[in-house]
Amino acid sequence: MITHSLSLMHEHKHKREMPTTRPREETTTTEEQRRAKRQRAGGEMRDLLLRLLVIACRDGHTSTVQSMLDDGTVDANGTDEQGHTALCSAAREGHDAIVRLLLDHPGVDANKADQWHNTPLYYACLHNHDSIVRLLLDHPGVDANRVDNIGYTPLNKPCLKGHAS
């Protein structure tokens, strides 16, 4: 009897239970899911290229900006996380050659404002970049009277800071 009980225990101990099978979930990707994934990846790539363009404009990398504009894969009117366009960044940092490139590029909106309603002209005035102010004012359609989120025009606030040239 003891041997029989031991053999039953041994048998039970080494017995493997078969896992219960669940119905297999559908793992195939639909065409709609693949299209949505490509769109997300494309959007991420566009965002990355735009950030690179804004950084190149901010840091004065004229040849990089020229290549990106010639390539046509980036929207020169797009904005970064703070709402700055490539033109806002170049105007703020005083990069005349890049401002010229952007103003000559078809479709660039010289009045496009950031999230605070500040335009490239505002930044050029604020940082006392006279040559860029002149470039922008000579560009057709630039609005020198556009107000920011607190009611200043591009020429008001720099005058308050003592930049009245």
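The model is predicted, so local features need pLDDT of at least 70 and side-chain atom pairs count only at pLDDT 80 or more, while totals for chains, interfaces and linings use all residues. Residues are numbered from 1 along each chain as its sequence is written, and side-chain values use heavy atoms, with hydrogens and water left out.

The secondary structure consists of eight helices and zero strands, where helices (H or I, at least four residues) and strands (E, at least two) are DSSP runs numbered from the N terminus. Read from that end, the order of elements is α-α-α-α-α-α-α-α. Of the 165 residues in the protein, 33% are buried; here buried means under 20% relative accessible area, exposed over 50%, and partly exposed in between, with a 1.4 Å probe and protein chains only. Contact is taken as heavy atoms within 4.5 Å. Among contacts between residues at least 6 apart in sequence, 64% join residues at least 24 apart. The protein exposes about 11300 Å², of which carbon and sulfur atoms supply 51%; accessible areas come from the Shrake-Rupley method with a 1.4 Å probe, and for residues only the protein chains shown count as cover.

Beyond its neighbours within four places in sequence, L136 is in contact with L87, A91, L103, P120, L121, A124 and V142.

The structure holds one aromatic pair. The ring centres of Y122 and Y123 lie 5.3 Å apart with planes at 80 degrees, so the pair is edge-to-face. Rings of Phe, Tyr and Trp (its six-membered ring) pair if their centres lie within 6.5 Å; planes under 30 degrees apart count as stacked, over 60 as edge-to-face and the rest as tilted. Y122 is buried at 6% relative accessible area, and Y123 is buried at 7%.

On the surface, M45, L48 and L52 form a nonpolar patch with about 270 Å² of accessible area together. Patches are made of residues with over 30% relative accessible area and no salt bridge, with like charges joined within 9 Å and nonpolar side chains (Val, Leu, Ile, Met, Phe, Trp, Tyr) within 5 Å; a salt bridge is a side-chain nitrogen of Lys or Arg within 4 Å of a carboxyl oxygen of Asp or Glu. M45 belongs to helix α2 (residues 31–59) and, at 45% relative accessibility, counts as partly exposed.
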